[in-house]
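Please keep the sequence and the model in view while reading.

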Amino acid sequence: MIKTAELIDLSHTLAGRYLSMYEYPWQALSHIKDIIMKIGEGLPSDEFYCPEKNVWIANDAKVAPTAFIGAPSIIGHGTEVRHCAFIRGSALVGDGAVIGNSVELKNCIISDGAQVPHYNYVGDSILGYRSHMGAGAVTSNVKSDKTPVTVKIGDERIKTGLKKFGAILGDLAEIGCGAVLNPGTVIGRRTSVYPQVSVRGYIPDGCIVKSEINIVKRRA
């Protein structure tokens with residue numbers, strides 16, 4: 001259950017057609033900038049405005065005057081970008097999303113309805129439909145020894161060949177306040193992570209992560 005279509009509803013992101021080309025979602029991370037450029041160039045000019053080159057913002061998005069949005073970036077319909085958000089670039093934010101105060105985004109895809117509302121860092125990551133990161137939850141996208149990131153599934157390790165890879169959140173994933181998603185973390189659909197937990201590797205769909213060693217299936 002770690003393939004792209006198993007984790008993310010591709011109808012809820014402008015990048016869906018491009019993501020469908022990759023068996024595993026992290027394979028798209030090195031191509032996010034190019035994907036944004038291709039999508040941006042085809043966006044309707046009567047629905048999106050460009051405050052600067054290669055930055056496309058939906059007319060009905062709410063962007064705080066203190067927010068920074070670097071190129072290339074796309075901000076979707078009805079999305080709210082709050083006070084002092086720092087979008088460094090190569091960020092595709094879907095419709096109805098929330099990018100909150102002092103949040104930093106870099107090289108990421110944020111699907112429709114996803115919420116990153118308070119003091120979060122999301123780098124080299126993909127967030128699924130209506131996923132949510134609690135206050136202070138972050139993705140860690142580089143290993144301390146700077147070696148390529150692997151995805152741990154039980155005793156197996158999948159080589160990604162990527163030096164920078166934060167996390168993949170499946171649709172409706174819930175990440176608690178202050179949680180740390182270590183490099184190469186993949187969270188299944190409808191899985192919840194308790195606050196302050198440090199997570200690594202693959203966590204299946206429909207689980208509750210109470211600690212790094214205490215993971216249980218939902219009862220319903």
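## Positive phi values

Asp 124 is buried, as its relative accessible area is 5%; buried here stands for under 20% relative accessible area, exposed for over 50% and partly exposed for what lies in between, with a 1.4 Å probe and protein chains only. Asp 124 belongs to strand 12 (residues 121–127), where strands (E, at least two residues) and helices (H or I, at least four residues) are DSSP runs numbered from the N terminus. The phi angle of Asp 124 is near 50°, a positive value in a residue other than glycine.

Ser 90 also has a positive phi, near 55°, and is likewise a residue other than glycine. Ser 90 is placed in the loop between strand 7 and strand 8 (91–93), and with a relative accessible area of 12% it is buried.

## Basis of the model

The model is predicted, so local features need pLDDT of at least 70 and side-chain atom pairs count only at pLDDT 80 or more, while totals for chains, interfaces and linings use all residues. Residues are numbered from 1 along each chain as its sequence is written, and side-chain values use heavy atoms, with hydrogens and water left out.

## A cis peptide bond

The peptide bond that leads from Ala 71 to Pro 72 is cis, with omega near -10°. Pro 72 lies in the loop between strand 4 and strand 5 (73–75).

## Aromatic rings

Three aromatic pairs are found when the whole structure is searched; rings of Phe, Tyr and Trp (its six-membered ring) pair if their centres lie within 6.5 Å, and planes under 30 degrees apart count as stacked, over 60 as edge-to-face and the rest as tilted. Phe 68 and Phe 86 form a tilted pair, because their ring centres are 5.5 Å apart and their planes stand at 55°. This pair links distant parts of the chain, with Phe 68 in strand 4 (residues 68–69) and Phe 86 in strand 7 (residues 86–87), 18 residues apart. Phe 68 is partly exposed, with a relative accessible area of 43%, and Phe 86 is partly exposed at 35%.

One aromatic cluster is formed by Tyr 24, Trp 26 and Phe 165. Arg 17 lies over the face of Tyr 18, at 4.7 Å from the ring centre; a charge sits over a ring if NZ of Lys or CZ of Arg is within 6 Å of the ring centre and within 35 degrees of the ring normal.

## The two sides of helix 3

In helix 3 (residues 32–41), the buried residues are Ile 32, Ile 35, Ile 36, Ile 39 and Gly 40. They cover an arc of only 125° around the axis, and therefore lie on the same side of helix 3, the arc being that of the directions from the helix axis to the C-beta atoms. Lys 38 and Glu 41 are exposed residues on the face turned away from that buried side.

The cover over the buried residues of helix 3 includes helix 2 (16–19), strand 2 (55–58), strand 5, strand 8 and strand 10 (104–110). Contact means heavy atoms within 4.5 Å.

## The chain as a whole

The chain has three helices and 25 strands, and buried residues make up 53% of its 220 residues. Its C-alpha atoms fill a box of roughly 50 × 35 × 30 Å, taken along the principal axes. Among contacts between residues at least 6 apart in sequence, 29% join residues at least 24 apart.
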